[in-house]
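Morning, everyone. Let's get the model up on the screen.

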Amino acid sequence: MNSLALINEFLGQPPNASSHGYQIDHIIEFCHWFMATLFFGWSVFFIYVLIRFRKGRQPTADHAGVRSGISTHLEFSVVLIEAVLLLGFAIPLWARRVNQFPPGKEALLVHVVAQQFSFNYHLPGADGQFGRRDVNLVSNSNPLGIDPNDPAGKDDIVTTGELHVPVDRPVIAELSSKDVIHDYFIPDMRIAGDAIPGSLIPIWFTPVKTGMYEVICAQLCGLGHYGMKGTLVVDTPQDYQAWLKERAELAGTQTTPPAPAQRSPGEPIGGAEPGTIPPPGAPKPPNADAQGAGASPHPAQQLHNAPAASPTPGG
Ligand SMILES: [Cu+2]
């Protein structure tokens, strides 16, 4: 199988990190080798025909054409191989993904709510029950519209951008969207699913390697689509418990909306009016040096020195 992996490397596939991913890799590899063989075969045939039937050798056209049945056999075998690929491999693989979900008590269930341009996560908390969500309650401070009067929702965990899951345990993610159609795609896990307003679409995978993996939106969903990214962190069970504990402690305080993680370079700190950017060469705000930021603070430094009133990222 290692020799086959050449094509996946060439295609820029990240290494697989899920229990079912090798099957998908295998079918992608097989399809590409099969197509490469076809391309080579047809190219040889094409060049042969160009030379064999050139005008110098074949001055008058033969209107009856080819009489042997070889091309029919060739085309039939191509159709047969493609049918085997589709019916024998692709459809069964797909069916296992969408029909054979792991039992609920064994799997970790998480609601993924997409919006322009981020992914929100809703976890049920210690009681294992999701609080009621109501679209009328959606606000900046309550991005998922969790009903504050529902006792099941009191311990719920809501995060944006980053999700932690334990290794070697199936994860069922139920996808939905607040605005337009998005697609929740984790390339390393070889899994993706559309997030459609008004629908709940479950996908599942079992991560087998700890680490940080990129989550991207794979559906052109608006101007900010390019930046619609997140992180999936696969933890050891201990780290996962620590994360849950940390999120649970934050649960009561995370009513502030997530703020942009970074200020744009050149944005003033202190002194200047909020939202105004001084022109190049303008004198520095009087208290910039007083804060110890130095002559030209690094953007990260500016963030560090930002006024304490700025809200902290929600997740
Ligand atoms: Cu999107």
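Which protein atoms are the donors of the copper ion? There are four: His182 (ND1), Cys217 (SG), Cys221 (SG) and Met228 (SD), lying 2.1 to 2.5 Å from the copper ion. Donors here are N, O and S atoms within 2.8 Å of the metal (3.2 Å for Na, K and Ca), and water is not among the atoms, so sites may look incomplete.

A word on the source. This is a predicted model: local features need pLDDT of at least 70, side-chain atom pairs count only at pLDDT 80 or more, and totals for chains, interfaces and linings use all residues. Residues are numbered from 1 along each chain as its sequence is written, and side-chain values use heavy atoms, with hydrogens and water left out.

Back to the copper. The four donor atoms subtend angles of 89 to 125 degrees, so the arrangement is tetrahedral (four donors, all angles between 85 and 135 degrees). Along the chain, the donor spacing reads H-x34-C-x3-C-x6-M. His182 sits in strand S6 (residues 182-186), and Met228 in the loop between strand S9 (211-217) and strand S10 (229-235), so the pair ties together parts that are 46 residues apart in sequence. Strands are DSSP runs of at least two residues, helices of at least four, numbered from the N terminus. His182 is buried, at 0% relative accessible area. Met228 is buried too, at 1%. Buried means under 20% (1.4 Å probe, protein chains only).

Now the helices. The axes of H2 (residues 21-52) and H3 (residues 70-99) come within 11 Å and cross at roughly 165 degrees. Axes are lines fitted to C-alpha atoms over the stretch in contact, and angles run from 0 to 180 degrees between N-to-C directions. That makes H2 roughly antiparallel to H3 (over 145 degrees).

Terms used
Four donors count as tetrahedral if all angles lie between 85 and 135 degrees; four count as square planar and six as octahedral if opposite donors are over 155 degrees apart and all others between 65 and 115; anything else is irregular. Buried means under 20% relative accessible area, exposed over 50%, partly exposed in between (1.4 Å probe, protein chains only). Angles under 35 degrees count as roughly parallel, over 145 as roughly antiparallel, 65 to 115 as roughly perpendicular and the rest as oblique.
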